[in-house]
Amino acid sequence: MAQPLDGILETAIYAADLDAAEAFYGGVLGLEKVTRQANRHLFYRCGPGILLIFNPAETAKPVPAGALPVPSHGATGPGHVCFRVRGEQMDGIVARLQAAGVPVESDFCWSNGARSIYFRDPAGNSLECAEPRLWNLE
């Protein structure tokens, strides 16, 4: 049977301070902002997908009458996202993080030779940049 899921269209993480998230994801990481809705959410384009950043206090609220029928949701504690990065771009990302005062928690190569770096966003989410070959994707 063929797998009916083609890939991940969007990935969600949670941050209570959307101003800090906007400065980090738009300013430090340079992602293209798609939209921001007040203190509820920020959406960024990331390659062929979308990174959703929700304020958990807002998305846990029941959906108001007449709004889109998206169920309430949320998570507590730090999440994890891994960004796909070409090997030749990795040092530039490390330099960008260092220039912004963002510590790199770990920088290493996996047994298959793929490089990963780990760092945190202002909300404490664990972020990783890794070469696609980590998962045998080139």
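Guide: Four strands make an open sheet with mixed pairing, in the order S1-S4-S3-S2. The model is a predicted one.

Visitor: What makes S1 and S2 the edge strands?

Guide: Strand S1 (10-14) and strand S2 (32-37) each pair on one side only. On average, neighbouring strands of this sheet are turned by 20° against each other, direction ignored.

Visitor: How do you know that S1 and strand S4 pair?

Guide: Two strands pair if there are at least two bridges between them. S1 and S4 (residues 49-54) have five bridges, in the parallel sense. Therefore they count as paired. Ile13 stands opposite Ile53 in S4.

Visitor: Which helix packs on this sheet, and which strands does the helix touch?

Guide: Helix H1 (residues 18-28) packs there. H1 touches S1, S2, S3 and S4. The direction of H1 makes about 10° with that of S3.

Visitor: Why is His41 called buried?

Guide: Buried means under 20% relative accessible area. His41 has 7% relative accessibility, so it counts as buried. His41 lies in strand S3 (residues 41-46).

Visitor: What is His41 in contact with, leaving aside its neighbours within four places in sequence?

Guide: The list is Leu18, Thr35, Arg36, Ile53 and Phe54.

Visitor: Why is the link between the side chains of His41 and Arg40 called a polar contact?

Guide: A polar contact needs a pair of N or O atoms within 3.5 Å, one able to donate a hydrogen and the other to accept it. The contact between these two side chains is 2.9 Å, so it falls within that cut-off. Residues adjacent in sequence count only if both atoms are side-chain atoms. Here the side chains of His41 and Arg40 are joined.

Visitor: What is the strand order in the open sheet that includes S5?

Guide: The order is S5-S8-S7-S6. This open sheet has four strands and mixed pairing. Strand S5 (80-84) and strand S6 (104-109) are the edge strands, each pairing on one side only. Neighbouring strands here are turned by 15° against each other on average, direction ignored.

Visitor: How do you know that S6 and strand S7 pair?

Guide: The cut-off is at least two bridges. Five bridges join S6 to S7 (residues 115-120), so the two strands count as paired. They run antiparallel. Arg115 in S7 is the bridge partner of Cys109.

Visitor: Where does helix H3 lie?

Guide: H3 (residues 90-99) lies across S6, S7 and strand S8 (126-130). H3 runs at about 20° to S7.

Visitor: How do you know that there are zero disulfides?

Guide: A search of the whole structure finds zero. Take Cys109: the nearest cysteine sulfur, that of Cys82, is 14 Å away. For Cys129 the nearest is also that of Cys82, at 7.2 Å.

Visitor: Why is Cys129 called buried?

Guide: The limit is under 20% relative accessible area. Cys129 has 3% relative accessibility, so it counts as buried.

Visitor: How many helices and strands does the protein have?

Guide: Three helices and eight strands. From the N terminus on, they run β-α-β-β-β-α-β-α-β-β-β.

Visitor: What part of the protein do buried residues make up?

Guide: Of the 138 residues, 33% are buried. The protein exposes about 8,500 Å², and carbon and sulfur atoms supply 57% of that area.

Methods:
Residues are numbered from 1 along each chain as its sequence is written. This is a predicted model: local features need pLDDT of at least 70, side-chain atom pairs count only at pLDDT 80 or more; totals for chains, interfaces and linings use all residues. Side-chain values use heavy atoms; hydrogens and water are left out. A disulfide is a pair of cysteine sulfur atoms within 2.5 Å. Buried means under 20% relative accessible area, exposed over 50%, partly exposed in between (1.4 Å probe, protein chains only). Axes are lines fitted to C-alpha atoms, for helices over the stretch in contact, and angles run from 0 to 180 degrees between N-to-C directions. Contact means heavy atoms within 4.5 Å. Accessible areas come from the Shrake-Rupley method with a 1.4 Å probe; for residues, only the protein chains shown count as cover.
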